[in-house]
Amino acid sequence: MKEYTFVTHYFTGGLETRSEGHRELIQQKAAEGWRYAGFFPTGLNHEGVPFKVDLIFERDRAEDDSR
């Protein structure tokens, strides 16, 4: 069984949208035992360009975990 956690990440730069800090965040979560699984856009600007996403991480749930 898998468990998931979500981290909201914002893009910067207006029309020249760019991401900063995402690599460090993914490395940090990997050190905690999470695997990057993908992203889901949660905020779009008026032109339909994402400015906010949820980064999705997964890991195996411990078998004795009753959640």
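**Core and sheet**

A: F57 counts as buried, at 0% relative accessibility. Buried means under 20% relative accessible area, exposed over 50%, and partly exposed in between, with a 1.4 Å probe and protein chains only.

Q: Before we go on, what kind of model is it?
A: This is a predicted model: local features need pLDDT of at least 70, side-chain atom pairs count only at pLDDT 80 or more, and totals for chains, interfaces and linings use all residues. Residues are numbered from 1 along each chain as its sequence is written, and side-chain values use heavy atoms, with hydrogens and water left out.

Q: OK. Which residues make up the largest nonpolar core?
A: That core has 5 residues: L25, W34, V53, L55 and F57. β3 gives the largest share, 3 residues. A nonpolar core here is a set of buried Ala, Val, Leu, Ile, Met, Phe, Trp, Tyr and Cys residues joined through side-chain atoms within 4.5 Å.

Q: How much of the chain is buried?
A: 19% of the 67 residues of the protein chain count as buried.

Q: Back up. How many helices and strands are there?
A: The protein chain has 1 helix and 3 strands. Along the sequence the pattern reads β-α-β-β. Helices (H or I, at least four residues) and strands (E, at least two) are DSSP runs, numbered from the N terminus.

Q: In what order do the strands sit in the sheet?
A: The order is β1-β3-β2, in an open sheet with antiparallel pairing. β1 and β2 are the edge strands, and each pairs on one side only. The twist averages 25° from one strand to the next.

Q: Where does the helix go?
A: Helix α1, residues 22-31, packs on the sheet and touches β1, β2 and β3. Its direction makes about 160° with that of β1. Axes are lines fitted to C-alpha atoms, for helices over the stretch in contact, and angles run from 0 to 180 degrees between N-to-C directions. Contact means heavy atoms within 4.5 Å.

Q: How many bridges join β1 and β3?
A: Strand β1 (residues 2-10) and strand β3 (residues 50-60) pair over 9 bridges, in the antiparallel sense. K2 has D60 as its bridge partner in β3. For Y10, the partner in β3 is K52. Two strands pair if DSSP finds at least two bridges between them.

Q: What about β2 and β3?
A: Strand β2 (residues 35-44) pairs with β3 in the antiparallel sense over 8 bridges. L44 bridges to P50 in β3, and F39 bridges to L55.

Q: What does L55 touch?
A: Leaving out residues up to four places away in sequence, L55 touches T5, F6, V7, H9, L25, Y36, G38 and F39.

Q: Switching topic. How many aromatic pairs does the structure hold?
A: The structure holds 1. The ring centres of Y36 and F57 are 5.9 Å apart and their planes are at 70°, so the pair is edge-to-face. Rings of Phe, Tyr and Trp (its six-membered ring) pair if their centres lie within 6.5 Å; planes under 30 degrees apart count as stacked, over 60 as edge-to-face and the rest as tilted.

Q: Which strands does that pair tie together?
A: Y36 lies in strand β2 and F57 in strand β3, so the pair ties together parts that are 21 residues apart in sequence. Y36 is partly exposed, with a relative accessible area of 32%.

Q: Now the lysines. Is K29 buried or exposed?
A: K29 counts as buried, at 12% relative accessibility. This residue is found in helix α1. K29 touches T5, V7, W34 and F57, not counting residues up to four places away in sequence.

Q: And K52, what is in contact with that one?
A: Apart from neighbours within four places in sequence, K52 is in contact with T8, H9, Y10, F11, P41, T42 and G43. The C-alpha atoms of K52 and T8 are separated by 6.9 Å, though these residues are 44 apart along the chain. K52 is partly exposed, with a relative accessible area of 22%.
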